[in-house]
Each structure stands twice: as C-alpha cells, then as structure tokens.
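I opened my notebook today to look at a new model, one step at a time. Here is what I looked up, in the order I went.

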Amino acid sequence: MSLKKINTVLAAVIVLFILWFGTEYILSPETTAPGYGLPRWPSGDGDGFLVVKGIRDVVLALVLVVLLVTGHRRALGWALLVEALAAYGDMANVLAHHGSVATALGVHCLTATLMVVNGLLMLRETRKVAVAPVRPAPQPA
C-alpha cells in the first residue's frame, strides 16, 4: 500500500473518530462526558458546554471531510496540524482539572499526535520541488 493511500485511510479514520464522538456529545452528553476524562459531571446547565464541545468536534471533522473529499491534500495536512491543537487543548483541560491522566494521554494526546504525524506526512507527500524547464537560450537573429 502506498504512503498516499495510508495517509488517506488514516485521515479518514481520524475524521470518522472525531465525527463519532462529536455527535455523541451532541446527542447524549451525559453518557459521553465520563469518557472525556474530567473527574465530575458539570453542575447546573453544564451539559450545554458539552454540546458546544460536540459541535466544535463535528465542525472540525467536517472541515477535514471537505479537504479529503476534494483532494486538497496539502491543505488537509495543514488543517490536521492546526486542528490537533484542539485535542492537545482537551488534554491540557483534563490534566488542569485533575482528571484522568490515562484518558488525557491515551485519548486526547494520542489523537492529537496521530493528527500531527498524519499532517506532517501529508505535507511531506505533497511537497514539490519546482524544476525550471530546460530551454535553450534564445539566439540572436
């Protein structure tokens, strides 16, 4: 399997994973929240913030879907790098609020790192070295 196909499959898996858990946060935040890694359920109307997280994740995934489907692989590489910051932010949030270190590292950090690796591979794959065409110099008439 070529590197391009491996990158495409990995990007598709990342997109589907982000879409899946983003949708879960929107549809059932009360059952999805414990998997985020924070130590306790938000009080009051705190579940609204979990829906916001879900919407954020779905939108981030849809940006990747558009770039993947349209074949803009270089832009997809950059988007993966930038969007990995959201997953690293989730990791920092869990750690800052004394949440599960295993979840912070095993879910959020791992997801972000896979996004960074795949983004860098896509950028490397799409890097082109421009070579000037060899043409003879014009001769005076």
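Which residues make the nonpolar surface patch of about 490 Å²? I noted first that I am working with a predicted model. The patch is made by M1, L3, I6, V9 and V13.

**Entry: one patch member.** I picked I6 from that patch. I found I6 in helix α1.

**Entry: the core.** Next I turned to the inside. The largest nonpolar core has 23 residues. I14, I18, Y25, L64, L76, L80 and M115 have the most contacts inside this core. Helix α4 gives the largest share, 7 residues.

**Entry: L80.** I stayed with L80, one of the core residues with the most contacts. Leaving out residues up to four places away in sequence, L80 touches I14, L64, M115, N118 and G119. I14, L64 and M115 were already on my list of core residues with the most contacts.

**Entry: T103.** My last stop was T103, which sits in helix α5. I counted T103 as buried because its relative accessible area is 16%, and the cut-off for buried is under 20%. What does T103 touch, not counting residues up to four places away in sequence? I wrote down G35, Y36, G37 and H108.

Conventions
Residues are numbered from 1 along each chain as its sequence is written. This is a predicted model: local features need pLDDT of at least 70, side-chain atom pairs count only at pLDDT 80 or more; totals for chains, interfaces and linings use all residues. Side-chain values use heavy atoms; hydrogens and water are left out. A nonpolar core is a set of buried Ala, Val, Leu, Ile, Met, Phe, Trp, Tyr and Cys residues joined through side-chain atoms within 4.5 Å. Buried means under 20% relative accessible area, exposed over 50%, partly exposed in between (1.4 Å probe, protein chains only). Helices (H or I, at least four residues) and strands (E, at least two) are DSSP runs, numbered from the N terminus. Contact means heavy atoms within 4.5 Å. Patches are made of residues with over 30% relative accessible area and no salt bridge: like charges are joined within 9 Å, nonpolar side chains (Val, Leu, Ile, Met, Phe, Trp, Tyr) within 5 Å. Accessible areas come from the Shrake-Rupley method with a 1.4 Å probe; for residues, only the protein chains shown count as cover. A salt bridge is a side-chain nitrogen of Lys or Arg within 4 Å of a carboxyl oxygen of Asp or Glu.
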